[in-house]
Amino acid sequence: MVDYRIDRHSGVATYVQIVQQTKQALRLGLLRPGDRLPTAREVVEATAINPNTVLKAYRELEREGLVEARRGLGTFVRRSLGATPADDSPLRAGLGAWAAEAREAGLDREDVAALFAAVLDEVFPAPDSPPGYADHSKQPSNPSSPSNPSGKPALQGGDPS
């Protein structure tokens with residue numbers, strides 16, 4: 001079962017947070033086909049959000065073919081996402097070591113996320129980007145950076161899912 005954590009200060013709509021967290025659980029193998037999602041009532045009790053918000057998120061997941069509602073039974077996972085390495089894989093261990101090294105170097109969570117997103121954009125460019133192109137509009141801008149000659153801060157945004 002997944003426990004949703006709502007960040008009311010993130011600027012991300014609550015239903016989108018539920019969708020994103022469900023997708024992350026599917027990618028990490030925390031949710032598998034056949035698993036039941038928490039009921040709207042359970043999510044409301046745990047997060048103090050409106051039940052319609054939970055239902056909106058579940059409808060979005062259903063529209064994407066990830067879950068299915070079964071009348072009187074609940075909402076169940078239809079399919080998983082990706083092939084994320086297991087907890088004991090060398091890739092996960094390496095990433096954990098890298099994250100610990102970043103923390104020791106004085107980076108906070110947001111710094112690490114921005115750095116990881118930048119590298120991710122370079123290694124996995126958007127499908128509509130030309131080869132070798134990295135979309136740096138989703139990472140914090142360094143006004144003194146040669147890639148930002150105007151010195152104006154770049155707009156922040158993007159969907160991490």
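## Burial and basis of the model

A residue counts as buried when its relative accessible area is under 20%, as exposed when it is over 50%, and as partly exposed in between, using a 1.4 Å probe and protein chains only. By that rule Ala57 is buried, because its relative accessible area is 0%.

This is a predicted model, in which local features need pLDDT of at least 70 and side-chain atom pairs count only at pLDDT 80 or more, while totals for chains, interfaces and linings use all residues. Residues are numbered from 1 along each chain as its sequence is written, and side-chain values use heavy atoms, with hydrogens and water left out.

## Overall content

The protein chain has five helices and two strands, arranged along the sequence as α-α-α-β-β-α-α. Helices (H or I, at least four residues) and strands (E, at least two) are DSSP runs, numbered from the N terminus.

Of the 161 residues in the protein chain, 25% are buried. Contact here means heavy atoms within 4.5 Å. Taking contacts between residues at least 6 apart in sequence, 46% join residues at least 24 apart.

## Helices H1 and H3

Helix H1 covers residues 14-27 and helix H3 covers residues 51-63; the two pack at an angle of about 45 degrees with their axes 8 Å apart. Axes are lines fitted to C-alpha atoms, for helices over the stretch in contact, and angles run from 0 to 180 degrees between N-to-C directions. Angles under 35 degrees count as roughly parallel, over 145 as roughly antiparallel, 65 to 115 as roughly perpendicular, and the rest as oblique. H1 and H3 are therefore oblique to each other. The crossing of H1 past H3 is right-handed; a crossing has that hand if the near helix is turned clockwise from the far one by less than a right angle, and is left-handed if anticlockwise.

On the H1 side the contact involves Thr14, Tyr15, Ile18, Val19, Thr22 and Lys23, and on the H3 side Thr53, Val54, Lys56, Ala57, Tyr58, Glu60 and Leu61. The residues of this contact of H1 with H3 divide into seven nonpolar, three polar and three charged. In this scheme Ala, Val, Leu, Ile, Met, Phe, Trp, Tyr, Cys and Pro count as nonpolar, Asp, Glu, Lys and Arg as charged, and the others, Gly among them, as polar.

Ala57 sits in helix H3. Not counting residues up to four places away in sequence, Ala57 touches Tyr15, Ile18 and Val19. The C-alpha atoms of Ala57 and Gln20 are separated by 9.3 Å, although the two residues are 37 residues apart along the chain.

Gln17 belongs to helix H1 and counts as buried, at 6% relative accessibility. With neighbours within four places in sequence left aside, Gln17 is in contact with Arg5, Ile6, Asp7, Ser10 and Val12.

## Helices H2 and H3

The axes of H2 and H3 come within 9 Å and cross at roughly 125 degrees. H2 and H3 are therefore oblique to each other, and H2 passes H3 in a right-handed crossing. Ala40, Val43 and Val44 of H2 make the contact with Pro51, Val54, Leu55 and Tyr58 of H3. The residues of this contact of H2 with H3 comprise seven nonpolar, no polar and no charged.

The loop between helix H2 (40-47) and H3 contains Ala48. Most residues other than glycine have a negative phi. Ala48 has a positive phi of about 60 degrees although it is not a glycine. Ala48 is exposed, with a relative accessible area of 63%.

## The hairpin

Strands S1 (residues 67-70) and S2 (residues 74-77) pair in the antiparallel sense over four bridges; pairing requires that DSSP finds at least two bridges between two strands. Arg70 has Gly74 in S2 as its bridge partner, and Ala69 stands opposite Thr75 in S2. The hairpin of S1 and S2 has three residues between the strands, and in it Gly72 takes a positive phi near 80 degrees.
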